[in-house]
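Here are my notes on the model, as numbered points. Please read them with the coordinates open.

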Amino acid sequence: MDTDAAGTDAHSMERQPCSVIIFGGAGDLARRKLLPALYNMHLDGALPGGFVVVGYARTDHDDSSYRQLALDSVAQYSRRPVEAAFWEEFVRRIFYVRGGFDEAAAYQRLGQRLQEVERTAGIPSNRIYYLSIPPSAIATVVEQLGTAQLATSSANHFARVIVEKPIGRDLASARAINAVLARVFDEAETFRIDHYLGKETVQNIMVMRFANAIFEPLWNQKYIDHVQITVAEAEGVGTRGGYYEEAGALRDMVQNHILQLLCLTAMEPPWCMAADIVRDQKLAVLKCLRPITGADVDRYVVRAQYTEGTRNGESVRGYRREERVSPDSTTETYVALKVFVDNWRWGGVPFYLRTGKSLPMRASQIDVQFKEVPQVLFNVESAKRLCPNVLSLRIQPDEGFSLRISSKVPGAKVHIEPVDMDFDYAATFGNQAPEAYERLLLDIMAGDATLFMRRDAVEASWTWITKILEAWEQSGVRWLPQYRAGGWGPLEADQLIESDGRRWRTLG
């Protein structure tokens, strides 16, 4: 977040000159997100006075061809166009080293090249290693960095590592990856990144809760009926069928994105904004999650796959017909859960979580629904029950929030309708907000770990998720409930919430 333990702006913390080394530097994430993010940071004057970017991959590039790749990437994916003067200054700081993830000699070449470019740029040996690589390669790269003596920190320089989600595919594999990271890097120098936590609305959840006296006194089981968290994706698996067969919606979205949103929504107030104090409070939520095991998995968890349908007037094929997907796959593309946070604040309040692919739109939203007013005065008639108050936090695509209240319609009779008091970031502040990766990279350069997952939180989330995965594996199910591509999910997900007398909120 924006303040540290002393109450100062975390972005005023000194960002020291450094080298950003991107493993998988020619890959999709580097081209679509990382290189454009670094360019926009340079355009904003946010990068430290001295920096270099070094791509590392097996692809046959040299400095010149990699700089052209970077230019093409920025031109296509940057939120702002290429400006010639700024680009000429930026591109001189981009370099490339070719090598395999398990090629020891290549790490020696990397070390030598880093020394050369750092000496030329006049910057210290501060290094940030971004592992934009498959999870299966993380252990290999980290161990090679350690063997090559490229991961040592001292009082005069740092070596930090950034690991993309997913961290493992279950509790055992997450622990194994974390153990390798711990052998080579200190926990304080390890940044487990989840780009959702860099989104403006996500950061604003804590501000809304703890900087506004009207919300926090009501943020508990006395006044809140339930909470819905939705992360909807319009696209199917596309070309990522092979990856998705190994992941599924529960691993891909719930274990990281959605549980982190849940933590920010449900956490207790931290006594200060120091990174570990905030992360302690998020960890406490994970530890209070009621386990879902055995027969309760079928009761509280729904999984499904999309079938043929239409989206924007075009036909969409079903999941089992996607490339690199087994024709008898039981991998879920949709999951809905009813969960409870068993502590004093949230006792008895259900949290309904849902995520899926090939839904009608791309949207992420948190809906906090307050309890109904008593059935007296304006809420007497059962056929004309008042709509409950709802606070909706829109994370994407249009960041902002709205508060639904009841209001009298003008006229002689008392007729009440719900109205939305709406706030939109773009409409209010005008300027285009930095993308999530820009914010998170700046935090890493400043050594601010507030928005990054700590080892114990990763393992706590996997502890909870793995129980569900184990129940699914033991069930021997060979056919999942289905929903049409372009729809909002299976009938079973509607039944999950409607059996409690509630309904999924309409998005968009």
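1. Asn 220 touches Arg 345 and Trp 346, leaving out residues up to four places away in sequence; contact means heavy atoms within 4.5 Å. Asn 220 and Trp 346 are 126 residues apart in sequence, yet their C-alpha atoms are 5.7 Å apart in space. Asn 220 is found in the loop between α7 (200–210) and β7 (224–232). Helices (H or I, at least four residues) and strands (E, at least two) are DSSP runs, numbered from the N terminus. Asn 220 counts as buried because its relative accessibility is 15%; buried means under 20% relative accessible area, exposed over 50%, and partly exposed in between, with a 1.4 Å probe and protein chains only. The side chain of Asn 220 reaches the backbone nitrogen of Lys 222 at 2.9 Å.

2. On the basis of these notes: this is a predicted model, in which local features need pLDDT of at least 70 and side-chain atom pairs count only at pLDDT 80 or more, while totals for chains, interfaces and linings use all residues. Residues are numbered from 1 along each chain as its sequence is written, and side-chain values use heavy atoms, with hydrogens and water left out.

3. Nine strands form an open sheet with mixed pairing, in the order β16-β15-β14-β13-β7-β12-β11-β8-β17; two strands pair if DSSP finds at least two bridges between them. The edge strands are β16 (416–424) and β17 (482–484), each pairing on one side only. Neighbouring strands of this sheet are turned by 20° against each other on average, direction ignored. Axes are lines fitted to C-alpha atoms, for helices over the stretch in contact, and angles run from 0 to 180 degrees between N-to-C directions. Helix α7 packs on the sheet, where α7 touches β13 (363–370), β14 (390–396) and β15, and its direction makes about 150° with that of β14. Strands β15 (residues 400–408) and β16 run antiparallel and are joined by nine bridges, with Gly 400 opposite Asp 424 in β16.

4. How many residues of strand β11 (residues 334–340) are buried? Seven of the seven are, so β11 is largely enclosed by the rest of the structure. Tyr 334, Ala 336, Lys 338 and Phe 340 point one way from β11, Val 335, Leu 337 and Val 339 point the other way, and all are buried. In a regular strand the side chains alternate between the two faces of the sheet. Strand β8 (residues 301–307) runs antiparallel to β11 and is joined to β11 by four bridges; Val 301 has Leu 337 as its bridge partner. Seven bridges join β11 to β12 (residues 350–356), also antiparallel, and Val 339 has Phe 351 as its bridge partner there.

5. Helix α14 (residues 491–498) has Ala 493, Leu 496 and Ile 497 as its buried residues. They cover an arc of only 85° around the axis, which puts them on the same side of α14; the arc is that of the directions from the helix axis to the C-beta atoms. Their cover includes β7, α10 (296–300), β8, β11 and β12.

6. A second open sheet has six strands with parallel pairing, in the order β3-β2-β1-β4-β5-β6. Strands β3 (94–98) and β6 (190–193) stand at the edges, each with a single partner strand, so one side of each is left without a neighbour in the sheet. Strands β1 (residues 18–23) and β2 (residues 51–57) pair in the parallel sense over six bridges, and Cys 18 stands opposite Phe 51 in β2. Helix α1 (residues 28–43) lies across β1, β2, β4 (127–131) and β5 (159–164), at about 165° to β1. Helix α12 (residues 436–446) lies across β1, β4, β5 and β6, at about 150° to β5.

7. The largest nonpolar core has 155 residues, and those with the most contacts inside it are Phe 23, Leu 38, Tyr 129, Leu 131, Leu 337 and Phe 351. Such a core is a set of buried Ala, Val, Leu, Ile, Met, Phe, Trp, Tyr and Cys residues joined through side-chain atoms within 4.5 Å. Helix α8 (residues 241–266) gives the largest share of this core, twelve residues.

Terms used
A polar contact is a pair of N or O atoms within 3.5 Å; within protein, one must be able to donate a hydrogen and the other to accept it, and residues adjacent in sequence count only if both atoms are side-chain atoms.
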